[in-house]
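Me: I have a structure open and would like to go through it. Could you take me through its main features?

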Amino acid sequence: MMVMHNIEEESSTAPRFPVATGWPDTRHAALTVFVVADRFAVFAEGTSVTTWSELVERIARDELSGPVRLLAGQGVSRRDWAWLGDRVTASCDEDVVLGPLPPEPLYRGDTLNQRQANVLIGDLCRIAEDRWACELVIGDDTELIQDHTALRQHIPGMLLMEATCQMYIAVTSRVVDARWPDIDFYMVMQRFRIEFDRYVFPLPAQLLMSVTSDRSREDRVRFNMSVTIEQAGHTCARASWSCQRIVRDTIYAIENHRACQTLAAATQPVRTQEVTA
């Protein structure tokens, strides 16, 4: 079930952006500027945000001067950031400072993705016995964002749903591998719920997960997980998952049996009911 609430409608008289547009004035104090992918150009119309192309053009025209600190937003990879560091060192004054490297996406096998570009989380780590954290990582070539029709400022909710899914896959895999490394489990999703409280924008965001497991049956492990997506000190979305990791041979047998049952039922003649006046 997907629930959307507590998002206030924009007033017809409210400004489109919360701050004035244009490149920030750095003449008097050091300012922070976030760098985002070109596809987030609508969001980048606000002060203290720039697109990748705009920044590159400024450097080429020798128009980037400090004091300013550049931070990576969504759609900017580690490779991009390393390239930018070289250009800033070669072309800009010492008052232009780059922030830390963007998070490193997980390997696609950890999230069961076919394409590395579609991995949406990175820097996964365990922060307590049953607590995990990771970063939201939306690459500029991520298929889901390329195919999405929304051209507003925020990250589409479908990407956030996929990110929470990838996190629970990666976390449960690590739990299983640590506790039962010799058993070949296959994951089966049972329940998913998400609630959105605030928009998530193309800036750094974190996912925090609590997870519990139960192996009351020899051939499976049950997991219950809750995830929050946080940005700039606010909780923006909350999701919960239930799934099982079932021994692969067992689940394959169950799936095949039910597939045969469904196919047999689907191929039966369709009975029509006569309609009488």
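Reply: The conversation below goes from the whole protein to individual residues.

Me: Before we start, what kind of model is this?
Reply: This is a predicted model, in which local features need pLDDT of at least 70 and side-chain atom pairs count only at pLDDT 80 or more, while totals for chains, interfaces and linings use all residues. Residues are numbered from 1 along each chain as its sequence is written, and side-chain values use heavy atoms, with hydrogens and water left out.

Me: How many helices and strands does the protein have?
Reply: The protein has six helices and 11 strands. Helices (H or I, at least four residues) and strands (E, at least two) are DSSP runs, numbered from the N terminus.

Me: And how much of the protein is buried?
Reply: Of the 277 residues in the protein, 40% are buried. Buried means under 20% relative accessible area, exposed means over 50%, and partly exposed lies in between (1.4 Å probe, protein chains only).

Me: What is the accessible surface of the protein?
Reply: The accessible surface comes to about 16100 Å², and 51% of that belongs to carbon and sulfur atoms. Accessible areas come from the Shrake-Rupley method with a 1.4 Å probe; for residues, only the protein chains shown count as cover.

Me: Among contacts between residues at least 6 apart in sequence, what share joins residues at least 24 apart?
Reply: The share is 68%. Contact means heavy atoms within 4.5 Å.

Me: On to Trp-241. Is Trp-241 buried or exposed?
Reply: Trp-241 counts as buried because its relative accessibility is 2%. This residue is in strand S11 (residues 234-247).

Me: What is Trp-241 in contact with?
Reply: Leaving aside neighbours within four places in sequence, the contacts of Trp-241 include Met-161, Tyr-168, Arg-191, Phe-223 and Met-225. Trp-241 and Met-225 are 16 residues apart in sequence, with their C-alpha atoms 5.1 Å apart in space.

Me: How many aromatic pairs are there?
Reply: The count comes to seven aromatic pairs. One of them is Trp-180 with Phe-185, an edge-to-face pair at 6.3 Å centre to centre and 70° between the planes. Rings of Phe, Tyr and Trp (its six-membered ring) pair if their centres lie within 6.5 Å; planes under 30 degrees apart count as stacked, over 60 as edge-to-face and the rest as tilted. Both Trp-180 and Phe-185 are buried.

Me: Now backbone angles. What is phi of Leu-112 near?
Reply: Phi of Leu-112 is near 60°, a positive value in a residue other than glycine. Leu-112 is in the loop between helix H3 (108-111) and strand S6 (121-128), and counts as exposed because its relative accessible area is 60%.

Me: And what about phi of Asp-123?
Reply: Phi of Asp-123 is near 55°, again a positive value in a residue other than glycine. Asp-123 is found in strand S6 and, at 35% relative accessibility, counts as partly exposed.

Me: Last one: where does Asn-118 lie?
Reply: Asn-118 lies in the loop between H3 and S6. Asn-118 is buried, with a relative accessible area of 12%. Beyond its neighbours within four places in sequence, Asn-118 is in contact with Asn-113, Thr-142, Glu-143, Leu-144 and Gln-166.
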